[in-house]
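This report covers strand pairing and helix packing. The sequence and structure are shown first.

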Amino acid sequence: MSKNIIEDKTQSPLKEQGAQKQERKVMQIGGVAAQRRKRSVLQDLQTAASGTGTFADFIYNGGPVINTPQVYAIFFGDWSSASNQNRATRLSQFITDLLNSRYMNILSQYGCGTTGTLANSVFIASSDHDLSATDIKNILQTAINSNQIPEPTNHSICYIIFLDDATAVNDAESRAIMCEPASDNAFGFHYFFMTTAGNLCAYAVVPGLIDACLKNTCSSDSRCSLHLAQTQEQRQTQVTSHELAEMFSDPLFPTGWFGRRADENGDICNGRSGTITVGANTWSVQLMYSKWHDMNTNGSSTCILDNPTPLPSLLPA
Ligand SMILES: [Zn+2]
């Protein structure tokens, strides 16, 4: 799933992250963590058995994965301004480019295929600026009911919701708090629910990530996974690459590619950014974990930007 969680010691910790001065622990279930991973966590993970790489407990857990994704982008809230329309166009182009880039040659090892499609971009106007878990499910189910997006009748269909700059999330179910005035713990998340027709609806949510959101989430820019020096677009594409990679490889969290210590593939490389060039466009993305590289380099190569050719699927035959 995707979100970062504020400490809740009643939950079994999937991962902990120190949050700077307060040392508040943040557990992450798959979102873009707001803070960089503590070094002590990495050292701990590096005690994994040799020969299986640094993140040995990151494994396939038998559940669905999204192969050759058909992504529907939903722009939720008020996207009517010219600048927002332009940003929506750019974010849509980014998804198309990402799905047709060598970044997918990383995800092929997780059974996600080597390409995908942005099937459609839709706009859903709303003045609700504070979304709960129920709100988010209702947005998707209502859009399915009204045929704005299709019923997810197969595991290729998935959704990503981009929120306008005024909209925050307090999702008690996934425990993602994003772009609220306080207590933020994530810059994006992915999760799922079962539609009324009984199908798995996998979705990701990316908020506006304006400066105020970063400042409210991170007390130290240098230790934050996103940075004030980045453009809004760069922040959003970085988070989108993280969440899409996790949603494709672990749509029914945590039954896909997941490790209790490693977390999901995006989390392992959280906060590490680079660029990819696709045609005329250069985009900021997050480096992505490659188990194939981790295993084949005995742990020396873990987070990469792309691969020249599709990496072979590591799913059981
Ligand atoms: Zn994540």
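Strands β8 (residues 157-163) and β12 (residues 200-206) are paired in the parallel sense over four bridges. Pairing requires at least two bridges found by DSSP between two strands. Strands (E, at least two residues) and helices (H or I, at least four) are DSSP runs numbered from the N terminus. F162 stands opposite V206 of β12.

The model is predicted: local features need pLDDT of at least 70 and side-chain atom pairs count only at pLDDT 80 or more, while totals for chains, interfaces and linings use all residues. Residue numbers start from 1 along each chain as its sequence is written.

β8 and β12 belong to an open sheet of five strands with mixed pairing, in the order β6-β5-β8-β12-β11. β6 (117-124) and β11 (189-194) are at the edges with a single partner strand each, so one side of each has no neighbour in the sheet. On average, neighbouring strands of this sheet are turned by 25° against each other, direction ignored.

## Helices on the sheet

Helix α2 (residues 82-99) packs on this sheet and touches β5 (70-76), β6 and β8. Contact means that C-beta atoms, placed from the backbone, lie within 7 Å. The direction of α2 makes about 160° with that of β6. Axes are lines fitted to C-alpha atoms, for helices over the stretch in contact, and angles between N-to-C directions run from 0 to 180 degrees.

Helix α6 (residues 232-249) lies across β8, β11 and β12, and runs at about 160° to β12.

## Three-stranded sheet

Another open sheet has three strands in the order β7-β9-β10, with mixed pairing. Its edge strands, β7 (130-131) and β10 (176-178), each pair on one side only. β9 (residues 168-171) pairs with β10 in the antiparallel sense over three bridges. M178 in β10 is the bridge partner of V169.

Methods:
Two residues are in contact if their C-beta atoms, placed from the backbone, lie within 7 Å.
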